[in-house]
Amino acid sequence: VAKRRGLAPQHDEHVNVTPLIDIVMCLIIFFMICGKLVQADVAPIEVPKAKKAQELEDQKNRLFINLVPDYTEKVREQAKTNPRVYLIPENKLELKPLVQIHGKNVEFDKLPEVLRAEKKDNPDMRLLIRADRDLHYKWISPLIVSCAKADIKSIHFATEQEVSTE
Amino acid sequence: MTPMVDIVMCILIFFMLSMTFAKTELFLTSNTPQTKGPGTTQVQEIPRRLMVEMKQVLRDGARQTFVKPESQAEWLPADQARLIFAQLRAGGLSDDVMVILSPQSDVPYNDVINAYDACIEAKFRNVAFSPA
């Protein structure tokens with residue numbers, strides 16, 4: 001119409017953003033799925049600090065065991081005595097931890113059985129222990145004994161990098 | 001279209017930043033003695049063992065962990081573990097000595113890992129844990 005009327009042809013000034021949206025959507029889905037996967041295996045725990053810890057090069061055949069301090073029982077007891085005051089347990093060391101594998105709670109007594117089954121499924125399995133730094137050793141010891149019973153030789157303790165002050 | 005692109009970009013930036021702030025976790029690898037091969041239970045010959053006891057002591061209202069290698073008479077603070085194990089190695093203890101960390105049940109996991117880290121730093125090749 002513009003050509004017939006002797007006017008200069010009009011160009012479409014809109015930028016085609018469809019490929020951009022496609023890429024961005026793919027990235028969002030990627031980040032969302034990655035976030036979910038990491039959340040399932042790794043519980044939020046304050047792990048100990050160490051100087052000689054290293055990153056694991058091989059990302060295959062890993063089994064995370066999380067020992068998460070269980071505050072619920074103590075908090076419930078405190079709520080009974082004084083429901084208006086929420087107290088943090090004075091000594092969280094005395095708390096029994098929750099053992100979590102693949103995001104699910106596992107009973108301490110059933111650990112050797114569960115680990116044996118995992119080892120049977122994957123003989124090259126490497127065990128990654130993630131335990132709260134303030135937990136008593138009495139809660140870590142049964143786990144190490146269970147690993148020995150399940151014939152798991154490759155054990156790794158999750159730590160944070162300790163910054164040297166020297 | 002522009003508002004949608006704005007929102008999508010905000011969501012993308014949020015996810016990218018939240019992924020960046022996740023802490024990088026490192027691992028201390030166990031170096032307990034390995035069996036000779038599949039199906040065998042025989043542990044390789046260990047020439048010598050060094051038992052290291054660990055306990056908690058209430059001092060000045062605060063709990064503190066102490067360590068005592070069997071070769072020494074006195075209990076020493078666990079925060080000096082690096083120095084203690086380095087001195088043991090400097091004193092002629094060979095790196096193939098099997099160090100057995102024996103913490104009491106109430107010793108915090110953090111102190112056990114610190115002692116284990118100190119053993120690795122002192123280049124002890126065989127470190128084991130005894131049950132609580």
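Let's start inside chain B: Cys119(B) is buried, with a relative accessible area of 0%. Keep in mind that this is a predicted model.

| Residue | Relative accessible area | State |
|---|---|---|
| Cys119(B) | 0% | buried |
| Ile33(A) | 49% | partly exposed |
| Cys26(A) | 54% | exposed |

Ile33(A) sits in helix 1 of chain A. Together with Met25(A), Ile29(A), Met1(B) and Met4(B), Ile33(A) makes a nonpolar surface patch of about 480 Å². Which element gives the most to this patch? That's helix 1 of chain A, residues 18–41, with three residues.

Now back to chain B and its helix 2, which spans residues 81–90. Buried here are Ala81(B), Arg82(B), Ile84(B), Phe85(B) and Leu88(B). They lie on the same side of helix 2 of chain B, because they cover an arc of only 165 degrees around the axis. The cover over these buried residues includes strand 2 (49–59), strand 3 (62–69), strand 4 (76–77), strand 5 (98–103) and helix 3 (109–121) of chain B. Just after helix 2 of chain B comes Gly92(B), with a positive phi of about 105 degrees.

Note on methods. Residues numbered from 1 in each chain as written. Chains lettered and ligands numbered in written order. Predicted model: local features only at pLDDT ≥ 70, side-chain atom pairs only at ≥ 80, totals over all residues. Heavy atoms only, no water. Buried < 20%, exposed > 50% of the residue type's maximum accessible area, 1.4 Å probe, protein only. Patch = residues over 30% accessible without salt bridge, like charges linked within 9 Å, V, L, I, M, F, W, Y side chains within 5 Å. Areas by Shrake-Rupley, 256 points an atom, 1.4 Å probe, with all protein chains shown as cover. Salt bridge = Lys/Arg side-chain N within 4 Å of Asp/Glu carboxyl O. Helix = DSSP H or I, 4+ residues; strand = E, 2+ residues; numbered from the N terminus. Arc of directions from axis to C-beta. Contact = heavy atoms within 4.5 Å.
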